[in-house]
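What follows is written in the order in which I checked it.

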Amino acid sequence: MPKEKIQGILDSIKTNIITTNELDKSLYRKMDYESFKLTYIQRSKILRDIFKRNQKLIEELHEILKEDLTKEVANSLYEGYRQLEKEEIHDSFLLLQIIDKLIPFYEKENDYSKLLNLYNDENFELSIFLMINQEKIDKIKENIQKTMALKNHYEELGLNERKIIYYSYYNFMSYLPNYDESYIDKMISIYKEAKAFYHSEAVFKMNDQDLARREMNLLNEALLHNFMYYLDDGLCDQMEFVRIIDEIKDTFEDEMDRDLCYAVLTYLNDQMDDLEFIYYLENYHDFFYQDVLKLSFNESKDEIYVRSAKLVDAECILFDFLKHSYLPDNTKEEVAKRIITKALKYFDRVPKDRYTRLYVEEATSRIVKKALPFSSNADLKEKLFTSLILRRQELNYVHSQIVEKIAVAILDSMNETRYPLIKDMIEIGFWDFADLKGYVSRSARLHDIGKSLALGIVNQQIRSLLPDEYHNIILHPEGFQSIIEKDKDFKYYVDVIKGHHKSYDGKSGYPKDFDNTKSKYKLIIDLITIADCIDAGTDNYGRNYHDGKNFDMVFKELKDGANTLYNPDIVSYIEQNGNLMNELKYIVDDYRMELRYEIYVK
Ligand SMILES: [Fe+2]
Ligand SMILES: [Fe+2]
């Protein structure tokens, strides 16, 4: 009986996700404004229905996961979730819940085949959620190590599971160092361990030499692509790296890689200067760029993924090298600009759907992080972020635009009526009103920048949040934080980004360890918080997880929360200015829908 029940629950979740995807796609069709509006409202109705239905399903699933697993239940859960993985239905947190329950069960059973799939799937689901923190890195590392350890059972495994062991070496080298630099030191020893294993008796016995050779080629590529970690003089690893690279230089299957290998060696032997090398790397990159421009997107998903990954790899190599090179800043900026323009041109062509979303978001966020230091001012940096990431995240994009519009409307009105608070705001340290307004506008546009990394869960529309998801959502004011704090142009916005979910009195909200009441920008944080709540609270068609509220209902909440949650001066100012109130009502109603039309259809 539980078998059918579990199958039923997972099947329904799958159908609901597919329906949602179709509904989302319907918004991009060419149509007039009235049809768009109808489509949007209709979509919202259906999503609300799905949301309610899924609620029940998730509760049922929870009941099942609460109990100790019997073999029958465990097997049904395993079969069921694997099916979702195979069909690329990545409701990550839901899958993670199931996987986390199954791992200890099968560890006790010593079911190596299942375990390998579980470790591998868990790592995949963890990695597509882009807000990677130390806890996740540790988990991923643990899974990789457990996978590697199972190579001792190589001969007992099926082909797919044997492949997972190879992936673990690859992931260790190409994934972990990106997030945690301490893994750079271990790269060469892991590389050697893998090589020894690929030539081992076990691989030979299973007649897997071809497989091992292909995988070795990928590892060679990964090592080569990480050459920038060995550029700094004085690292004893550099000699070891050069020795290995020299040894493998003629083994690459891909001509481009063989070529890159020779270039890297020439550069490391001081026979090529930085400018020549960057010129070489741009050509290398252009080869893959021209290749993806030929994609018609009717190719198989794997094919698209592999070719795009090559491009993104080449982009990352370029940016990493720029970081290490001694080229003048303006040269670096020019090179970066050329790469970004090309990246934009490519990603603009990628159709918007659930399948592409995963890799596009991973790729673009990686590129933005690497490219940010090479844009010379805040305008260019914001443009980079908006055009590469935010522009593909319509819900977030509309939200940031509306929050800006609301905040500026309040500010303009206060300025016209010479409300004293404006003077206090300017005195924070702005030159004049225009300077203040510029700061507020950008703060509003950037306030949710951290969300762009947690999109998959933040905009969860078809079921309520799981506890783990909520735990991750409250991290969003800190996503991108390390990058923003270190950036000379963005660091001024850190307080607003961090503080926009804190209460006026600082006693509630998140993050806990940030004291907004002590911030120099307190008044601006207060203003953005109010603008944020007005948009989020009234967005009945965009946010299908909350009950519809109109402007008056939301405004009543602001009034009730004045002094504790919201700045009372701003709330009472809005209340006493009928014109402003009407403007805000227009912004969250007709204006928002028109903006959506612009963004989705045009
Ligand atoms: Fe937020
Ligand atoms: Fe927000």
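Tyr279 lies in helix 14, and its C-alpha atom is separated by 51 Å from that of Ile422, 143 residues apart along the chain.

**Conventions and confidence**

I recorded that this is a predicted model, in which local features need pLDDT of at least 70 and side-chain atom pairs count only at pLDDT 80 or more, while totals for chains, interfaces and linings use all residues. Residues are numbered from 1 along each chain as its sequence is written, and chains are lettered from A and ligands numbered from 1 in the order in which they are written. I read pLDDT as the predictor's confidence in each residue, from 0 to 100; its mean over the chain is 89, and 96% of the residues reach 70 or more. Helices here are DSSP runs (H or I, at least four residues), numbered from the N terminus. I found confidence lowest in helix 22 (residues 455–458), with a mean of 56, and highest in helix 28 (residues 568–576), at 97. Where pLDDT is low, the predicted coordinates should not be read in detail.

**Helix lengths**

I compared end-to-end distances with the expected span, which is 1.5 Å times one less than the number of residues. Helix 5 (residues 112–128) has 17 residues and should span 24 Å, and its end C-alpha atoms are 24 Å apart, which agrees. Helix 19 (residues 394–416), with 23 residues, should span 33 Å and its end C-alpha atoms are 33 Å apart, again in agreement.

**What covers the buried residues**

For packing I used the contact rule that C-beta atoms, placed from the backbone, lie within 7 Å. The buried residues of helix 2 are Phe36, Leu47, Ile50, Asn54 and Leu61, and they pack against helix 1 (2–26) and helix 29 (578–600). In helix 5 the buried residues include Lys114, Leu115, Asp121 and Glu122, and their cover includes helix 3 (71–86), helix 4 (92–109), helix 6 (134–149) and helix 7 (159–174).

Which residues does Leu84 touch beyond its neighbours within four places in sequence? I listed Leu10, Lys14, Ile89 and Leu95. Leu84 is found in helix 3 and counts as buried because it has 20 C-beta neighbours inside 10 Å. Leu84 and Leu10 are 74 residues apart in sequence, yet 7.9 Å apart in space, C-alpha to C-alpha.

Val496, in helix 25 (residues 494–499), is buried because 26 C-beta neighbours lie inside 10 Å. Not counting residues up to four places away in sequence, Val496 touches Ser443, His447, Tyr521, Ile524, Ile525 and Ile528. Val496 and His447 are 49 residues apart in sequence and 6.5 Å apart in space, C-alpha to C-alpha.

**Backbone details**

I then looked for backbone features in the loops. The peptide bond from Tyr510 to Pro511 is cis, with omega near -5 degrees, and Pro511 lies in the loop between helix 25 and helix 26 (522–538).

Asn110 has a positive phi of about 55 degrees although it is not a glycine; Asn110 is found in the loop between helix 4 and helix 5 and is exposed, because 9 other C-beta atoms lie within 10 Å. Phe297, also not a glycine, has a positive phi of about 65 degrees. I placed Phe297 in the loop between helix 14 (274–293) and helix 15 (301–324), and it counts as exposed because it has 12 C-beta neighbours inside 10 Å. Arg418, which follows helix 19, has a positive phi near 50 degrees.

Note on methods:
Helices (H or I, at least four residues) and strands (E, at least two) are DSSP runs, numbered from the N terminus. Two residues are in contact if their C-beta atoms, placed from the backbone, lie within 7 Å.
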